[in-house]
Amino acid sequence: MAAALAVSALALTGCGSGSPAASDGPVTLRFSWWGSDVRHKMTQELIDAFEAKNPNINIEGEYGDWSGYWDKLATQVASQDAPDIIQMDAQYLGEYADRGALLELKDVDLSKFDKAAADAGRTQDGLYAVTAGMNAMVVMANPALVSASGVPLPDDSSWTWDEYLETAASITAKSKDGVSGSGPITGDASFNLWMRQHGKSLFTNDGGLGFDEADATEYFEYQASLRDAKAVPSASVITEDASASVDQQGLATNRYAMAWYWSNQLGALSKASGQALEIHRPPSVEGKASSAEQFYKASQFWSASSKTKHPAEAQKFIDFLANSVEAGEIGLADRGIPGNSEVRAAIAPKLTPTDALTAKFIDDIADEVGEAPAVPPAGSSPVSEVLTRYNTEVHFGRISPQEAAKKSIEEIKSTLA
């Protein structure tokens with residue numbers, strides 16, 4: 001993808017200053033997204049609702065699944081044939097924005113968004129993406145397995161990382177049938193949360209790394225502590241779990257009492273497990289939710305092509321998707337909890353019980369959320385895989401925390417543009 005984008009970089013430019021003028025006559029916009037058949041049908045309803053209010057604007061849908069979406073988009077951008085409106089993901093946002101492929105969204109109203117949600121799609125150069133739905137990193141717990149162990153969970157507003165480890169290890173020791181107290185804690189999101197709580201970050205706003213080897217060593221040392229205390233399953237089980245679908249992972253199959261997921265996965269995991277899973281805050285260094293540096297993550301974004309011939313209409317459609325109660329009532333929580341607080345309140349009575357619980361959690365932590373994380377820079381899409389791989393090597397005992405820190409940083413730096 002990066003190579004394809006590089007070919008077209010010089011030809012791509014952002015919009016100029018001031019608001020673009022609307023077209024006088026009929027306008028056709030292309031709109032691309034990925035998702036399931038259910039999402040495709042629901043998105044078509046969104047398009048129909050917008051077109052009913054804007055008869056001069058026709059929206060043509062282009063959709064597919066995740067696996068082929070990004071290769072197709074990269075090819076379209078390289079050939080200067082990008083869709084006008086693009087469903088965007090955080091791991092690719094920096095890539096496209098840095099290369100001038102996206103329109104600066106100056107005319108989308110974010111006044112009803114929490115600041116952290118509004119800033120999630122903002123780079124140093126401007127706003128290039130609008131949050132389509134909000135997520136937060138959470139600890140999900142299986143109350144039946146926790147109860148069977150006889151180990152109470154600490155208050156999630158005040159538990160520390162050490163307390164999390166001790167609790168998970170105790171659940172493992174007192175449970176039967178191979179139940180683990182916690183699933184693995186891997187990936188870039190939990191790594192970033194750890195770094196934020198230690199005064200660092202995964203990335204900086206200028207596209208560099210926000211942590212050093214000593215910081216990463218401390219993180220991997222915690223992973224070794226989880227391993228040694230048997231708070232998490234064996235490395236071989238962790239490896240198997242990583243390649244399984246969500247509904248076949250340990251929390252979904254009642255093998256983990258706790259596990260780390262995004263908040264919008266609560267419904268699918270509860271359904272798969274047959275349990276009314278609980279949602280909890282992650283632990284913190286100080287044992288204070290107010291200083292836990294929790295952050296909102298956009299489940300997806302809305303972006304527009306810098307080459308669109310109709311920037312005013314493209315932004316009008318994005319504004320409808322982001323701020324219309326009608327759009328919120330159609331989409332509900334399919335793309336995450338709406339970023340607009342008024343839309344969130346309006347759709348609350350129509351949400352499923354699990355989605356309502358997720359929406360309540362998003363509102364409950366609003367005063368605890370820190371600044372939005374830096375948009376991942378170009379070339380950063382492999383970072384989560386790199387961190388997960390070295391984390392697994394530590395759990396196997398094939399590499400020391402210090403070696404994992406050194407080698408992961410070297411590999412991450414080699415991927416960044």
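This is a predicted model: local features need pLDDT of at least 70, side-chain atom pairs count only at pLDDT 80 or more; totals for chains, interfaces and linings use all residues.
The axes of helix α8 (residues 187-197) and helix α16 (residues 383-396) cross at roughly 80 degrees and come within 7 Å. That angle makes α8 roughly perpendicular to α16.

**Contact of α8 with α16**
- Gly187, Asp188 and Phe191 in α8 meet Ser384, Leu387 and Thr388 in α16.
- By class, this contact comprises three polar, two nonpolar and one charged residues.

**Strand β10**
- Eight of the nine residues of strand β10 (residues 296-304) are buried.
- Strand β3 (residues 85-88) runs antiparallel to β10 and is joined to β10 by four bridges; Ile86 stands opposite Ser303 in β10.
- Strand β6 (residues 130-141) also pairs with β10 in the antiparallel sense, over six bridges, and Thr131 stands opposite Phe301.

**Salt bridges**
- The whole structure contains 22 salt bridges.
- Glu326 forms a salt bridge with Lys53, with the closest N and O atoms 3.5 Å apart. Because Glu326 lies in helix α13 (residues 325-331) and Lys53 in helix α2 (residues 37-53), the pair ties together parts that are 273 residues apart in sequence. Glu326 is partly exposed at 31% relative accessibility, whereas Lys53 is exposed at 53%.
- Asp114 and Arg344 form a salt bridge, their closest N and O atoms being 3.3 Å apart. Asp114 is partly exposed, at 23%, and Arg344 is buried, at 6%.
- Arg196 and Glu293 meet in a salt bridge through their side chains (3.4 Å, N to O). Arg196 lies in helix α8 and Glu293 in the loop between β9 (278-280) and β10, so the pair ties together parts 97 residues apart in sequence.

Notes:
Residues are numbered from 1 along each chain as its sequence is written. Side-chain values use heavy atoms; hydrogens and water are left out. Buried means under 20% relative accessible area, exposed over 50%, partly exposed in between (1.4 Å probe, protein chains only). Helices (H or I, at least four residues) and strands (E, at least two) are DSSP runs, numbered from the N terminus. Two strands pair if DSSP finds at least two bridges between them. Axes are lines fitted to C-alpha atoms, for helices over the stretch in contact, and angles run from 0 to 180 degrees between N-to-C directions. Angles under 35 degrees count as roughly parallel, over 145 as roughly antiparallel, 65 to 115 as roughly perpendicular and the rest as oblique. Contact means heavy atoms within 4.5 Å. Ala, Val, Leu, Ile, Met, Phe, Trp, Tyr, Cys and Pro count as nonpolar, Asp, Glu, Lys and Arg as charged, and the others, Gly among them, as polar. A salt bridge is a side-chain nitrogen of Lys or Arg within 4 Å of a carboxyl oxygen of Asp or Glu.
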